[in-house]
Amino acid sequence: MAIVLLGLAFIVYLDARMLRRLCRRSQRDARLFNDVFNVSPVLTVIIAGLILFHLAIVENSPQDLPQFLFIALLPIYLLRRIRFLNSVGGRDRPRPVPTETETLVSDAYNVILIWFLAMVVIGAFLKSAGQIFPAFGSEMGQLLLSAVFSSAIALILIVRASQKFSGRGFLYNVGLRKGERSVVEVFVVPVLIGLFFAIVSSLIIWLRHEQPVTPLSKIIDATDSVWLFAVFLAMAILAAPFIEEVIFRGYFFHVLSRARGERLAIYVIALVFAFLHIGQYWGDWAAIVMVMLLGFALTMLRAWSGTTLASIIAHYAYNAGVTIIPFYMVK
């Protein structure tokens, strides 16, 4: 969690620096950034009150205080961000026009921060979901609910943000068009790549004398509900490849490619993709390495093919293969 918060704090810093640079383009608005984002006496009192509240109420408060303050102050930053963007320029004042790249990057920062804040709020409600729906009180139930809300919120934010890519619609904007690529490039090659990684992963599983215990395996082993396990498999095989590819290699790959070039985008997207799976596979280092390599392969496939369809198909082939192939190896 600490690493995640540090990453988010860095995003806030980059976003604020971009807003300050935008503000400085207009001499009459040069002080607007400081006026909007200054630490007022009221905000100082709010911060002091939050610190005292946290120290008095929460266990392990000194250790958890930084993340508590970040989560509590993030809505204030987002609200001031909206105020700033609505105030820059205006009547009888030149409005600095952000470049296309600045707009895309700023929107991407906004997507990440709003998504995180929404998940914090929803996570608090999900903890009480088990009291209303006992089936969702289990770890598997909580995992499924979190995955559904997380995916839905991310897709909603991305659909809106990607509208600035072009006026050709969502499918085009996130690369869900075949274009002039052949069936071999969009379908055959991705399937072969996905199956290759699935076979390698299955061999690693088969050759082990003892399977490592991971947070995800603990949740699966503790699940005694057949229908919850069936929903989990359906989401893992059918929903996850599409959703993850649209988010990572559809939206964020496009933004990073435009801002910093394809080479950096490949590395960043692959590493972030692997990092976000570490929590599930912690303790199984071979699985973490395989996810990282798969992330690189999927992102390079996206760059090579020019369409997210290729990485989606490869992801489907991998998830299906790594689910089915081990059963045949056991036999």
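Helices here are DSSP runs of at least four residues, numbered from the N terminus. With that in hand, let's work through this predicted model.

**Exercise 1.** Find where Thr99 sits and decide whether Thr99 is buried, exposed or partly exposed.

*Solution.* Next, take the relative accessible area of Thr99, which is 38%. Buried means under 20% and exposed means over 50%, so Thr99 counts as partly exposed. Finally, look along the chain: Leu22 is 77 residues away from Thr99, yet their C-alpha atoms are separated by 9.5 Å.

**Exercise 2.** Describe the overall make-up of the protein, from secondary structure to contacts.

*Solution.* Count the elements to get 14 helices and 0 strands. Then turn to burial: of the 331 residues, 39% are buried. For the contacts, take those between residues at least 6 apart in sequence; 76% of these join residues at least 24 apart. The accessible surface comes to about 18800 Å², and carbon and sulfur atoms hold 68% of that.

**Exercise 3.** Work out which residues make the nonpolar surface patch of about 410 Å², and which element gives the most.

*Solution.* List the members first: Ile3, Val4, Val272, Phe275 and Leu276. Now assign them to elements: helix H1 (2-23) and helix H12 (262-281) each give two or more residues. H12 gives the most, with 3 residues. As a check on one member, Ile3 lies in helix H1 and has a relative accessible area of 59%, so Ile3 is exposed.

Conventions:
Residues numbered from 1 in each chain as written. Predicted model: local features only at pLDDT ≥ 70, side-chain atom pairs only at ≥ 80, totals over all residues. Heavy atoms only, no water. Buried < 20%, exposed > 50% of the residue type's maximum accessible area, 1.4 Å probe, protein only. Contact = heavy atoms within 4.5 Å. Areas by Shrake-Rupley, 256 points an atom, 1.4 Å probe, with all protein chains shown as cover. Patch = residues over 30% accessible without salt bridge, like charges linked within 9 Å, V, L, I, M, F, W, Y side chains within 5 Å. Salt bridge = Lys/Arg side-chain N within 4 Å of Asp/Glu carboxyl O.
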